[in-house]
Amino acid sequence: MTTDLEKQAKERGIKYFLISFTDLFGTQRSKLVPAEAINEMAKTGAGFAGFATWLDMTPADPDTFVIPDPSSLIQLPWRKEVGWFAGDPWMNGKEVEHAPRNVLRRQIAAAAEQGLQMKSGVECEFFLVGPEGDCVSDPADRQSKPCYDQSALMRRYDVIAEICDSMLELGWKPYQNDHEDANGQFEMNWDYDDALVTADRHSFFKYMVRSIAEKHGLRATFMPKPFTNLTGSGCHAHVSLWKDGKNVFSDKKGELGISALGYQFLGGILASAESLAALTNPTVNSYKRINAPVTLSGATWSPNTVTYTGNNRTHMIRIPDEGRFEVRLADGAVNPYLLQAALLAAGLDGIKHARDPGKRLDINMYTHGHLVEGAKKLPLNLLDAVRAFERSTVFKHAFGTEFVNAYVKLKTESWNEYTRHLSKWELETTLDC
Ligand SMILES: [Mg+2]
């Protein structure tokens, strides 16, 4: 049954629709389509020249058509005459294999074949900065330990409350907002859901935060490490796996309330961590957040080793509660679709091979990590991560060679572009060599 989107538009007062897709670098691309044309466009898809986006295509390739997913419709709370769709790219009559939302949908289908469904929630941290991005937006926000600072939070009440009101209106069930550990940094939390719903919301959230911040004369950034001396922006993901409406990670008799299956899934994520980082920490800047020296607040809150623990925030994976765990690796630059797809793929591989995560470590990794023998380190830079990803049979099998080749090619190009830049540090340390 097709949905009459034009009729829905009339009922809800929508004049235009954004038909969007997210490319390999996490950028959202859109066509703005009048409501009168939406039914036809929903059938044929909105046309894009793939090469003009980060999709690893050529100028000679035919049109990429993006088919909107009717279930993803969001009416912009700050501009109600516009509706937004997440869409799925097609070319030559078939789905574009390496388009991130298609990659996630395939992982979800692979899980469904085993009767499994991943649910997840994300904790998006972001900074409100000045127009050039070189300072935080609030000059009074200068405490060395600014986390949960009530006054700094309330000085940004207008923008934070408008974003939270929007989430309430959209039915996302937001439940808390705070000032985070860096000056100018905030986090907003909403309820967990099915992985695809969370990915669509995560993607839209980034657009919404930027848009509402702009409305208030501010600039929002999810850049992983915008200031070297301050804590970076992470994107922690809480995951659980469900079967027949039951959380199959949950086991009251299991260690910390996690089932044997849950530990296998966790073991899969640990086993793929180095290659996973190419997706969860996808930029040159990402590696200035993980492996970082201590920040002004006293901690980076980001992992540097491939380890897991109980309710302890110094490891890559934390088990805070029965029936779920938190992956603390990803950062603000992560592609919302590839985050969910990568966790699911690595986790399913863990189940398939009954991967053992080993014993958890109940130590402060920031102070005692060097005493742990054999703890694997996370990649030190993007190139190491991309090379690990290129070698990964887990991701080649799960995502397909088309995705792996496209991603490795574009990310290697990013790395090469970065290395062509001369930094102030290089001049200072090498000029007199
Ligand atoms: Mg946080």
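The model is predicted: local features need pLDDT of at least 70, side-chain atom pairs count only at pLDDT 80 or more, and totals for chains, interfaces and linings use all residues. Residue numbers start from 1 along each chain as its sequence is written. Helices (H or I, at least four residues) and strands (E, at least two) are DSSP runs, numbered from the N terminus.

Helix α13 covers residues 401–419, has 19 residues and reaches 26 Å from its first C-alpha to its last. That is close to the 27 Å expected at 1.5 Å a residue, where the expected span is 1.5 Å times one less than the number of residues. Phe403, Val404, Ala406, Tyr407 and Lys411 of α13 are buried; a residue is buried if 20 or more other C-beta atoms lie within 10 Å of its own, exposed if 12 or fewer, and partly exposed in between, with C-beta atoms placed from the backbone. The cover over these buried residues includes α3 (100–113), α8 (273–280), α11 (382–391) and α12 (393–399).

Two of those covering helices, α8 and α11, also pack on each other, at an angle of about 115° and with their axes 7 Å apart. Axes are lines fitted to C-alpha atoms, for helices over the stretch in contact, and angles run from 0 to 180 degrees between N-to-C directions. In α8, Glu274, Ser275, Ala277 and Ala278 meet Ala385, Val386, Ala388 and Phe389 of α11; contact requires C-beta atoms, placed from the backbone, to lie within 7 Å. By class, this contact of α8 with α11 has six nonpolar, one polar and one charged residues (Ala, Val, Leu, Ile, Met, Phe, Trp, Tyr, Cys and Pro count as nonpolar, Asp, Glu, Lys and Arg as charged, and the others, Gly among them, as polar).

Elsewhere, the axes of α5 (residues 157–170) and α6 (residues 195–215) come within 10 Å and cross at roughly 140°. The two helices are therefore oblique to each other (angles under 35 degrees count as roughly parallel, over 145 as roughly antiparallel, 65 to 115 as roughly perpendicular and the rest as oblique). Val159, Glu162, Ile163 and Ser166 in α5 meet Met208, Val209, Ile212 and Ala213 in α6. By class, the contact of α5 with α6 has six nonpolar, one polar and one charged residues.

The loop residue is proline 226, between β12 (219–221) and β13 (235–243). Proline 226 counts as buried because it has 24 C-beta neighbours inside 10 Å. Leaving aside neighbours within four places in sequence, proline 226 is in contact with Phe127, Val129, Gly133 and Thr221. Glycine 245 is 19 residues from proline 226 along the chain, and their C-alpha atoms are separated by 41 Å.

Note on methods: Two residues are in contact if their C-beta atoms, placed from the backbone, lie within 7 Å.
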